[in-house]
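Work through the exercises below with the model open. Each one has a task and a stepwise solution.

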Amino acid sequence: MRFVRGLGGALLWIGASLLGLVAVLLCVTVILLPVGIPLLMLARRMFTRAVALMLPRSMSHPMKEGRKQGKKLSRKARKQARKKAKPHAEKVAKKLKR
């Protein structure tokens with residue numbers, strides 16, 4: 001999967017560079033400047049996406065990975081708390097029955 005993401009990022013990088021080159025050429029001609037500027041912005045977004053595809057997920061989406069780790073840790077803590085609390089709850093239940 002990592003190879004496929006890297007390959008997709010490389011292809012997107014090449015496409016963005018070609019689109020950027022065309023956009024710069026359009027910006028040079030003053031008449032086509034209104035077409036060149038949006039294309040240049042699109043090429044920039046494509047470069048950003050290409051870099052995100054090439055990097056590991058934890059580096060390209062640090063907040064999402066942090067949330068995932070937090071959810072995993074909270075699940076693990078809940079399970080451990082239940083295991084520790086179960087014998088104490090049973091003792092309390094027995095004392096209440098008396």
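**Exercise 1. Arginine 57**

In which helix does arginine 57 lie?

Solution. 
- The model is predicted.
- Arginine 57 belongs to helix 3, which covers residues 57–60.
- Its relative accessible area is 35%.
- Arginine 57 and arginine 2 are 55 residues apart along the chain. Their C-alpha atoms are separated by 9.8 Å.

**Exercise 2. The aromatic pair**

Count the aromatic pairs, then classify the geometry of tryptophan 13 and phenylalanine 47.

Solution. 
- Two numbers describe such a pair: the distance of the ring centres and the angle of the planes.
- Centres must lie within 6.5 Å, and planes over 60 degrees apart count as edge-to-face.
- The count comes to 1 aromatic pair.
- The ring centres of tryptophan 13 and phenylalanine 47 are 5.0 Å apart, and the planes meet at 80°, so the pair is edge-to-face.
- The pair links distant parts of the chain. Tryptophan 13 sits in helix 1 (residues 2–28) and phenylalanine 47 in helix 2 (residues 33–54), 34 residues apart.
- Tryptophan 13 has 39% relative accessibility, so it counts as partly exposed. Phenylalanine 47 has 26% and also counts as partly exposed.

**Exercise 3. The nonpolar patch**

Which residues make the nonpolar surface patch of about 1100 Å²?

Solution. 
- The patch is made by Phe3, Val4, Leu7, Leu11, Trp13, Ile14, Leu18, Val51, Met54, Leu55 and Met59.
- Helix 1 and helix 2 are the elements that give two or more residues to the patch.
- Helix 1 provides the largest share, 7 residues.
- Take one member as a check. Phenylalanine 3 is placed in helix 1. Its relative accessibility is 67%, so it counts as exposed.

**Exercise 4. Span and kink of helix 4**

What span should the 36 residues of helix 4 have, and what do its end C-alpha atoms show? Then locate the kink in helix 4.

Solution. 
- Helix 4 covers residues 62–97.
- The expected span is 1.5 Å times one less than the number of residues. So helix 4 should span 52 Å.
- The end C-alpha atoms are 51 Å apart, which agrees.
- A kink of about 35° lies at alanine 85, shortly before proline 87.
- Proline 87 is itself in helix 4. With a relative accessible area of 40%, proline 87 is partly exposed.
- Proline 87 and glycine 9 are 78 residues apart along the chain, and 53 Å separates their C-alpha atoms.

**Exercise 5. Lysine 94**

Is lysine 94 buried or exposed? How far in space is it from glutamate 65?

Solution. 
- Lysine 94 is in helix 4.
- At 60% relative accessibility, lysine 94 counts as exposed.
- Lysine 94 and glutamate 65 are 29 residues apart in sequence. In space they are 44 Å apart, C-alpha to C-alpha.

Technical notes: Residues numbered from 1 in each chain as written. Predicted model: local features only at pLDDT ≥ 70, side-chain atom pairs only at ≥ 80, totals over all residues. Heavy atoms only, no water. Phe/Tyr/Trp six-rings, centres within 6.5 Å; stacked < 30°, edge-to-face > 60°. Helix = DSSP H or I, 4+ residues; strand = E, 2+ residues; numbered from the N terminus. Buried < 20%, exposed > 50% of the residue type's maximum accessible area, 1.4 Å probe, protein only. Patch = residues over 30% accessible without salt bridge, like charges linked within 9 Å, V, L, I, M, F, W, Y side chains within 5 Å. Areas by Shrake-Rupley, 256 points an atom, 1.4 Å probe, with all protein chains shown as cover. Salt bridge = Lys/Arg side-chain N within 4 Å of Asp/Glu carboxyl O. Bend = angle between axes of the 7 residues up to and from the residue.
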